[in-house]
Amino acid sequence: MALRTGDEVRDVAVADLDGDGRDEVLAAGFSHNVTCFSGMGKRLWRRDLGAPVAHVVPVEQDGTRIIAAVTRSGQIATLDAEGNLLAWRDLASEPTALTHIGSDIVVATAAGKVVRLRLVP
C-alpha cells in the first residue's frame, strides 16, 4: 500500500493516536503539511504549518496523545490527535533532530543547541 501525500515527505512516525488499538501514520511534508493516515491508508487530516516540516514525533502525556512537529525554519508546533494546533514556539534555528524523553520533546538545532520542552496537553 502506498500513502499519497501529494508532497515530498521528510519524516514519518507511527502511533495509535485515537486510542482504537490501531496505528496511524504521520508524514512530515516539504510543502508545509503534517498529514495523518489510518493504518488502511485513508487520509484522516492534514495541517499546514506554514513552512516545510522537517520532523514529526508522537508523544503520550497523561493518557493524551500529542504530536510534535518542527519546521525547517525553526518553529515547533504541537497538535492533538485530530490535527488541531495546541501550541507554537520559535526555536530561532533549523532543527536537525527531534525525539522525546517521556512526555517531553527534545530538539537539536543547527545552532548547536539541544532544547527540552514540556508539551502542552
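Ser 93 counts as buried, at 11% relative accessibility (buried means under 20% relative accessible area, exposed over 50%, and partly exposed in between, with a 1.4 Å probe and protein chains only). The model is predicted: local features need pLDDT of at least 70, side-chain atom pairs count only at pLDDT 80 or more, and totals for chains, interfaces and linings use all residues. Residues are numbered from 1 along each chain as its sequence is written, and side-chain values use heavy atoms, with hydrogens and water left out.

**Overall architecture**

The protein chain has zero helices and eleven strands (helices are DSSP runs of H or I with at least four residues, strands runs of E with at least two, numbered from the N terminus). Its radius of gyration is 13 Å, close to the 14 Å that the globule rule gives for 121 residues, so the chain is as compact as a globular protein of that length. This radius is taken over C-alpha atoms, and the globule rule is 2.2 Å times the number of residues to the power 0.38. The C-alpha trace spans about 40 × 35 × 20 Å along its principal axes. Of the 121 residues, 47% count as buried. Among contacts (heavy atoms within 4.5 Å) between residues at least 6 apart in sequence, 34% join residues at least 24 apart.

Ser 93 is placed in the loop between β8 (85–90) and β9 (95–101). A polar atom of the Ser 93 side chain lies 3.0 Å from the backbone nitrogen of Ala 111. Not counting residues up to four places away in sequence, Ser 93 touches Gly 74, Thr 109, Ala 110 and Ala 111.

Ala 13 belongs to strand β1 (residues 9–15) and is likewise buried, with a relative accessible area of 11%. Neighbours within four places in sequence aside, Ala 13 is in contact with Glu 24, Val 25, Leu 26, Val 56 and Pro 58. Ala 13 and Val 56 are 43 residues apart in sequence, yet their C-alpha atoms are 6.6 Å apart in space.

**Nonpolar cores**

A nonpolar core is a set of buried Ala, Val, Leu, Ile, Met, Phe, Trp, Tyr and Cys residues joined through side-chain atoms within 4.5 Å. The largest has 16 residues, of which Leu 17, Leu 26, Val 34, Trp 45, Leu 49, Val 56 and Ile 67 touch the most other members. At least two residues of this core come from each of β1, β2 (24–29), β3 (33–37), β5 (53–61), β6 (64–71) and β7 (75–80). Another core lies apart from it and has eleven residues, among them Val 57, Ala 68, Ile 105 and Leu 117.

**Salt bridges**

There are three salt bridges (a side-chain nitrogen of Lys or Arg within 4 Å of a carboxyl oxygen of Asp or Glu).

| Arg 22 | Asp 20 | 3.1 Å |

Arg 116 lies in strand β11 (residues 114–118) and Asp 104 in strand β10 (residues 104–109), so their pair ties together parts that are twelve residues apart in sequence. Arg 118, in strand β11, and Asp 104, in strand β10, are 14 residues apart. Shared partners join Asp 104, Arg 116 and Arg 118 into one network of salt bridges. In the remaining pair, Arg 22 counts as exposed at 56% relative accessibility and Asp 20 as partly exposed at 35%.

Methods: Polar contact = N/O pair within 3.5 Å; in protein donor to acceptor, adjacent residues only side chain to side chain.
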